[in-house]
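Trainee: Could you walk me through how to read a few features of this model?
Mentor: Gladly; let us take them one at a time.

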Amino acid sequence: METIHEIKEKFSNTSPENITNLIHFYHSDTRKGVQNILSQYQKKQEAFQKEQHRLETMLQFERECYKQGYTFVAGIDEVGRGPLAGPVVTAAVILPENCKIEFVNDSKKLSAKKREELYHIICQKAISYGIGVVSSEQIDKINILQATYEAMKEAISNLSVTPQFILVDAVHIPNITIPQKGIIGGDGKSISIAAASIIAKVTRDKMMKKFATLYPAYAFEKNKGYGSEEHIHAIKQHGLCAIHRKSFVKNIQVSENRAKGTKGEEIAVKEMKKAGYTILERNFRRASGEIDIIAQKENMLVFTEVKFRQTEKNGIPCEAVTKEKQKRIAETAQYYIAENNISTLDIRFDVAEVLKKQSKFYFRYTENAYFLERK
């Protein structure tokens, strides 16, 4: 007679498709240990059958396409239409005919860990997948819907195989010649769209985690750019960073100090451009600190701190930048220099002062406000 351990090993080495036969075979074995094994695997089998039934349902739209002679069917979905910051990201995925990947579902219904696991499986099994990304700046220019369409078209163009039919979540992509079908709630009804939602979600989350290292004040690694209470509070305190969607945050009032700082920076940028500077970056942030303006004039790379004042009591601009502030700016400047592989330009640290007096603005600019050695 087989031992209970041997029976347990047999169950663990049997594919889910054959478990039912094994359960029937040992059904008459009355030993408690065997009955416990049968009960355990009966529950697993029921869960397996339920998942298979769900996947069959998720394949209904793809199979309609296969019946019409379409072999390469792409599912398309987007992530990031609603956040206050970051890009909108889309994915297009072509799976093999009748492909079933257990637990593939609307990415919003899955844990981050499960999405990551499925991301790798989908990438391995897919015939092809493509990603489309449209920046927050472009979203502000053309609106989020048009940006989503652009990202979807980019994802399609990045496929290594041209799809013969497209299944897309909720919308109809304009100005494409490939036949398509928009499905309301498609990320929960089509396995191809669900796979695309997972690829897009994991891709965008990784991007937002990288942005979090550039702009640590906003906790993008947690909120992914969405309007959480913490995120909105950070905007009020620190203002906007480079990846915020200005068209999405019009109603968020920043603190008075930050508003003044933003106004000062705008005036400084305008005056620096008049003086022949090319503005390379604004509000460049790293964990070490922030640089208000990075500019270039001829062979000089300039890191400028902007000070907004409503009184002249505090002395000249260079006195407003403390030694500790100078150190943070220098450390942050080193990040910019390294990331952009700058080796031939001279470096300078300047201070721009904007003074508001009797409703008028006065601009004063100090070159070489302080000196620090370049590492």
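Trainee: Where is Asn-143 placed?
Mentor: Asn-143 sits in the loop between helix 6 (136-142) and helix 7 (144-157). Helices here are DSSP runs of H or I with at least four residues, strands are runs of E with at least two, and both are numbered from the N terminus. The model is a predicted one, where local features need pLDDT of at least 70, side-chain atom pairs count only at pLDDT 80 or more, and totals for chains, interfaces and linings use all residues. Residues are numbered from 1 along each chain as its sequence is written, and side-chain values use heavy atoms, leaving out hydrogens and water.

Trainee: What is the phi of Asn-143?
Mentor: First the general idea: most residues other than glycine have a negative phi, and most peptide bonds are trans. Asn-143 has a positive phi of about 85°, although it is not a glycine. Phe-103 is also not a glycine, and its phi is positive too, about 75°. Phe-103 belongs to the loop between strand 2 and helix 5.

Trainee: How is the exposure of Asn-143 described?
Mentor: Relative accessible area decides it: buried is under 20%, exposed is over 50%, and partly exposed lies in between, using a 1.4 Å probe and protein chains only. Asn-143 is partly exposed because its relative accessible area is 40%. Phe-103, with 41%, is partly exposed as well.

Trainee: Now the sheet. Which order do the strands take?
Mentor: In general, strands of a sheet pair through backbone hydrogen bonds, either parallel or antiparallel. Here, two strands pair if DSSP finds at least two bridges between them. Five strands form an open sheet in the order 3-2-1-4-5, with mixed pairing. Strand 3 (128-134) and strand 5 (180-183) are the edge strands, each pairing on one side only. From one strand to the next, the twist averages 20°. For angles, axes are lines fitted to C-alpha atoms, for helices over the stretch in contact, and the values run from 0 to 180 degrees between N-to-C directions.

Trainee: How many bridges join strand 1 to strand 4?
Mentor: Strand 1 (residues 73-79) has four bridges to strand 4 (residues 165-169), and the two run parallel. Val-73 has Phe-165 as its bridge partner in strand 4. With strand 2 (residues 88-94), strand 1 pairs in the antiparallel sense over six bridges, and Val-79 stands opposite Val-89 there. Strand 2 is joined in turn to strand 3 by seven bridges, running antiparallel; Thr-90 has Gly-132 as its bridge partner in strand 3.

Trainee: Are the faces of strand 1 covered or open?
Mentor: In a regular strand the side chains alternate between the two faces of the sheet. For strand 1, both faces are covered: Val-73, Gly-75, Asp-77 and Val-79 are buried on one side, and Ala-74, Ile-76 and Glu-78 on the other.

Trainee: Which residues does Tyr-66 touch?
Mentor: Contact means heavy atoms within 4.5 Å. Leaving aside residues up to four places away in sequence, Tyr-66 touches Thr-71, Val-73, Leu-95, Pro-96, Glu-97 and Asn-98. Tyr-66 lies in helix 4 and is buried, with a relative accessible area of 14%. Tyr-66 and Glu-97 are 31 residues apart in sequence, but 7.6 Å apart in space, C-alpha to C-alpha.

Trainee: How do helix 1 and helix 3 cross?
Mentor: Two packed helices are described by the angle between their axes and the distance between the axes. The axes of helix 1 (residues 4-12) and helix 3 (residues 32-58) come within 9 Å and cross at roughly 15°. Helix 1 is therefore roughly parallel to helix 3. The cut-offs are under 35 degrees for roughly parallel, over 145 for roughly antiparallel, 65 to 115 for roughly perpendicular, and oblique for the rest.

Trainee: And how do helix 5 and helix 8 cross?
Mentor: The axes of helix 5 (residues 112-125) and helix 8 (residues 191-214) come within 9 Å and cross at roughly 120°. That makes helix 5 oblique to helix 8. Their contact includes Tyr-119 and Ile-122 of helix 5, and Ile-198 and Val-202 of helix 8.
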